[in-house]
Amino acid sequence: MSKQTKNISRTTTTQIGSRKGGEPIVSLTSYHAHTAAIVDKYADFILVGDSLGMVMHGMDSTVGVPLDLMIMHGKAVVRGTEQALIVVDMPFGSYEESPNVAFRNAAKIMKETGCGAIKIEGGARMAETIRFLVERGIPVMAHIGLTPQSSNVMGGFKTQGRDKETWPTHIADAQAVSEAGAFAVVLEGMVEPLAAKITKEITIPTIGIGASATCDGQILVLEDMLGMNPWTPKFVRVYGQLGPMIEDAVQRYANDVKLRSFPNSDETYS
Ligand code: KIV
């Protein structure tokens with residue numbers, strides 16, 4: 001088939017799938033074109049996560065995130081990148097009702113953003129929907145363990161698998177999404193031995209966030225690892241201190257404006 005657009009060759013979902021048990025898969029979230037352009041050089045895939053509701057828009061949880069907001073940020077990230085696979089989260093309420101509703105909204109996300117895949121939360125209960133989407137051309141990344149969209153029924157953000165009696169449910173979730181055709185699965189907030197067991201037992205790559213180095217890849221929220229939040233969970237390694245750096249820069253700018261030392265003659269059109 002001939003192509004009329006510029007030749008961007010991105011990582012594909014099948015390439016991600018084939019990394020099972022191989023070189024660890026690198027991924028981060030991004031919500032805007034400029035950070036995505038930087039992350040694009042190093043990440044196999046970029047997730048436009050619904051955590052943007054909390055990180056970018058000051059919401060208390062991801063439950064209030066609307067579909068249009070995901071599409072707006074998804075478009076920005078696709079525009080800013082050339083290499084990485086872009087995965088966009090389906091927000092709460094946009095896919096749970098039925099496979100048909102999920103297809104309509106997933107197709108809208110893919111058409112309007114140009115992303116390469118969508119992500120949905122839920123294990124065995126979402127297997128039918130995952131199969132329905134994949135059979136109709138929509139690549140799906142699954143997300144099990146701690147699923148923030150269900151925090152209201154889970155009683156908050158709790159690490160999963162501390163009680164060994166819950167393991168069979170998590171393992172069944174992982175097997176169900178894998179068998180339904182998901183190309184990868186995010187394991188969030190899960191004790192190491194359970195994440196290791198799931199990673200060993202299923203054929204698709206596991207992407208860990210707070211789920212140990214035993215996973216086939218890792219993802220973090222970019223703003224967390226850049227030190228932009230006053231509090232970070234135990235599983236986050238902070239690689240930069242952008243929060244304090246931004247505050248320092250803004251404070252110095254404010255002082256310079258008040259002292260009339262900004263702008264100086266070099267910064268002025270004579
Ligand atoms: O929305 C998000 O940032 C996510 C990651 C935590 C995987 O789903």
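Me: Where does the ligand sit in this predicted model?
Reply: A molecule sits in a pocket if more than half of its atoms lie within 2 Å of the grid points of that pocket. The model here is predicted. By that test, the ligand sits in the largest pocket.

Me: How many residues line the largest pocket, and which are the closest to its centre?
Reply: The largest pocket holds about 960 Å³ of space. Its lining has 37 residues. The closest to the centre are E188, I209, D224, P233 and F235.

Me: Which side chain has an N or O atom 2.5 Å from an oxygen atom of the ligand?
Reply: A polar contact needs N or O atoms within 3.5 Å. The side chain of D89 has such an atom 3.2 Å from a ligand oxygen. For K119, a polar side-chain atom lies 2.9 Å from an oxygen of the ligand. The 2.5 Å value belongs to S51.

Me: What percentage of the ligand's accessible area does the protein cover?
Reply: The shell around the ligand has three nonpolar, four polar and four charged residues. On its own, the ligand has 260 Å² of accessible area. The protein covers 95%.

Me: Which element gives the largest share of the lining of the second largest pocket?
Reply: The second largest pocket has a volume of about 410 Å³. Of its 18 lining residues, Q218, I219, L220, F235 and Y239 are the closest to its centre. Two or more lining residues come from each of β1 (25–29), β7 (206–209) and β8. The largest share, four residues, comes from β1.

Terms used: Residues numbered from 1 in each chain as written. Predicted model: local features only at pLDDT ≥ 70, side-chain atom pairs only at ≥ 80, totals over all residues. Heavy atoms only, no water. Polar contact = N/O pair within 3.5 Å; in protein donor to acceptor, adjacent residues only side chain to side chain. Areas by Shrake-Rupley, 256 points an atom, 1.4 Å probe, with all protein chains shown as cover. 1 Å grid on protein atoms, 1.4 Å probe; cavity = no way out; pocket = protein on both sides within 12 Å on 5 of 7 lines; lining within 4 Å. Nonpolar A, V, L, I, M, F, W, Y, C, P; charged D, E, K, R; others polar. Points joined across faces, edges and corners; volume = space filled by probe spheres on them.
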